[in-house]
Amino acid sequence: MKKMVLEIDNLKVSFFNSNGEVQAVRGVTFGVNEGEILGIVGESGSGKSVTSMSILRLLAESAKLKEGSIKFEGKELTTLTKKEMQSIRGKDISMIFQDPMSSLNPLHTIGNQVAEMIAVHNTNLSKKEVKQRVLQLFEKIRIPEPEKRYNMYPHQFSGGMRQRIMIAIALANAPRLLIADEPTTALDVTIQDQILKLLRDLQKDSNTSIVFITHDLGVVAELCHRVVVLYGGLVMEEGLVDDIFENPKHPYTLGLMASMPEVNQDKSIRLQSIKGSPPDMTNPPLGCPFAPRCNYARKMCAAELPPYVEVGNKHRSMCWLLTQGAPSEHNPFK
Ligand code: SF4
């Protein structure tokens with residue numbers, strides 16, 4: 001059996017502002033196996049980025065981790081001191097952010113920025129050895145002419161190349177867990193494809209576990225082994241990618257899939273969007289958070305939160321339509 005690298009259990013995170021408490025994450029549970037690529041998919045405000053920032057304890061000051069556990073290789077992260085957390089961040093667990101331009105320092109050369117990440121966690125290495133490692137990394141992530149690029153500044157790189165540098169920084173210390181928060185969203189489709197291929201190759205070569213956060217189910221299909229669908233700060237559905245695509249068991253997942261363009265699709269057919277907007281998390285719904293937008297909602301959906309129902313191998317979904325005794329009329333799952 002594969003080792004669990006990350007275990008998140010009943011995570012609850014809120015933000016406190018002048019409007020009160022924003023319940024961004026309301027009890028999220030999932031795990032990541034060694035060498036696995038887990039996709040976390042959801043719209044803005046679903047809680048996906050807050051969940052990932054919680055793992056690295058990079059939440060804003062206004063945020064509070066209210067409840068739950070986050071374990072990395074069996075070690076509880078939520079109770080570590082700042083110093084202990086710093087020694088894990090960038091070394092054992094690292095992150096690739098969405099916008100490389102705002103993550104890279106425009107005043108320092110690319111080479112120095114990658115070198116700094118290596119030097120901080122490897123104080124025994126000489127300057128020459130650190131530079132050598134940077135150049136090896138550049139080759140690994142397919143940066144052409146590594147020596148020349150070492151002394152260049154971020155503005156001299158294209159968007160795709162900058163994202164490769166962010167990947168180099170994230171991989172600088174061979175982390176066992178890599179969190180990628182929408183790393184391809186700002187890139188055009190061809191470059192996106194190259195970055196996904198690079199991540200897939202890196203994962204295969206080094207057996208790194210990856211948590212890939214995205215709003216795009218197409219990217220999940222291309223890259224991930226397993227997927228967690230988040231909505232309203234809760235896991236709506238979780239399963240192996242093949243199972244979720246072949247046999248989705250949640251109306252929200254069905255909606256996401258209907259809004260995905262297909263190759264060779266007739267251009268005259270309009271893609272379907274999910275009507276309505278995500279719930280107000282200052283006052284989250286009592287029942288199913290998707291109820292106001294769900295085509296199959298019934299009276300009880302808004303009244304009470306549905307339970308998780310196991311619908312297959314490692315496949316679970318939170319929907320009243322899957323429970324015993326649910327009516328079969330107008331039920332896409334019966
Ligand atoms: Fe729709 Fe009800 Fe299922 Fe929620 S519980 S997804 S509202 S059918």
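The legends below describe close-up views of a predicted model.

**View 1**
Strand β3 spans residues 37-41, and five of its five residues are buried. In a regular strand the side chains alternate between the two faces of the sheet. In β3, Ile37, Gly39 and Val41 lie on one side, Leu38 and Ile40 lie on the other, and both faces are covered. Strand β8 (residues 209-214) runs parallel to β3 and is joined to it by five bridges. Within β8, Thr214 is the bridge partner of Val41. Strand β9 (residues 226-231) is also parallel to β3, with four bridges between the two. There, Val227 of β9 stands opposite Gly39.

A pair of aromatic rings is described by the distance of the centres and the angle of the planes. The structure holds three aromatic pairs. In the pair of Tyr231 and Tyr252, the ring centres are 4.7 Å apart and the planes meet at 50°, so the pair is tilted. Tyr231 belongs to strand β9 and Tyr252 to helix α11 (residues 251-258), so this pair ties together parts that are 21 residues apart in sequence. Tyr231 counts as buried at 1% relative accessibility, and Tyr252 is buried with a relative accessible area of 0%. Tyr231 also pairs with Phe290; this pair is edge-to-face, at 5.3 Å centre to centre and 85° between the planes. Phe290 lies in the loop between α11 and α12 (299-303) while Tyr231 is in strand β9, so the pair ties together parts that are 59 residues apart in sequence. Phe290 is buried, as is Tyr231. Through these ring pairs, Tyr231, Tyr252 and Phe290 are linked into a cluster.

The ligand sits in the largest cavity. Among the residues around the ligand are the cysteines Cys288, Cys294, Cys301 and Cys319. By class, the shell has 11 nonpolar residues, one polar residue and no charged residues.

**View 1. The open antiparallel sheet.**
Strands of a sheet pair through backbone hydrogen bonds, either parallel or antiparallel. Here four strands form an open sheet in the order β2-β1-β4-β5, with antiparallel pairing. The edge strands are β2 (20-33) and β5 (75-76); each has a single partner strand, so one side of each is left without a neighbour in the sheet. Strand β1 (residues 4-17) pairs with β2 over 10 bridges. In this pairing, Met4 stands opposite Asn33 of β2.

**View 2. Helix α1 and the residue with positive phi after it.**
Helix α1 covers residues 48-55 and is mostly covered, with six of its eight residues buried. The buried residues are Lys48, Val50, Thr51, Ser52, Ser54 and Ile55. Arg57 follows α1 and has a positive phi, near 55°.

Most residues other than glycine have a negative phi, and most peptide bonds are trans. Asn10 is not a glycine, yet its phi is positive, near 50°. Asn10 lies in strand β1 and is partly exposed, with a relative accessible area of 28%. Arg142, also not a glycine, has a positive phi of about 60°. Arg142 is found in the loop between α5 (127-140) and α6 (146-150). At 41% relative accessibility, Arg142 counts as partly exposed.

**View 3. Two pairs of residues from separate parts of the chain.**
Ser206 lies in helix α8 (residues 189-206). Ser206 counts as partly exposed, at 39% relative accessibility. Ser206 and Gly35 are 171 residues apart in sequence, and their C-alpha atoms are 8.1 Å apart in space. Gly90 lies in the loop between α2 (82-88) and β6 (93-96). With 6% relative accessibility, Gly90 counts as buried. Gly90 and Ala174 are 84 residues apart along the chain, and 9.0 Å separates their C-alpha atoms.

Note on methods: Residues numbered from 1 in each chain as written. Predicted model: local features only at pLDDT ≥ 70, side-chain atom pairs only at ≥ 80, totals over all residues. Heavy atoms only, no water. Buried < 20%, exposed > 50% of the residue type's maximum accessible area, 1.4 Å probe, protein only. Pairing = 2+ DSSP bridges. Near = heavy atom within 4 Å. 1 Å grid on protein atoms, 1.4 Å probe; cavity = no way out; pocket = protein on both sides within 12 Å on 5 of 7 lines; lining within 4 Å. Sits in = over half its atoms within 2 Å of the grid points. Nonpolar A, V, L, I, M, F, W, Y, C, P; charged D, E, K, R; others polar. Phe/Tyr/Trp six-rings, centres within 6.5 Å; stacked < 30°, edge-to-face > 60°.
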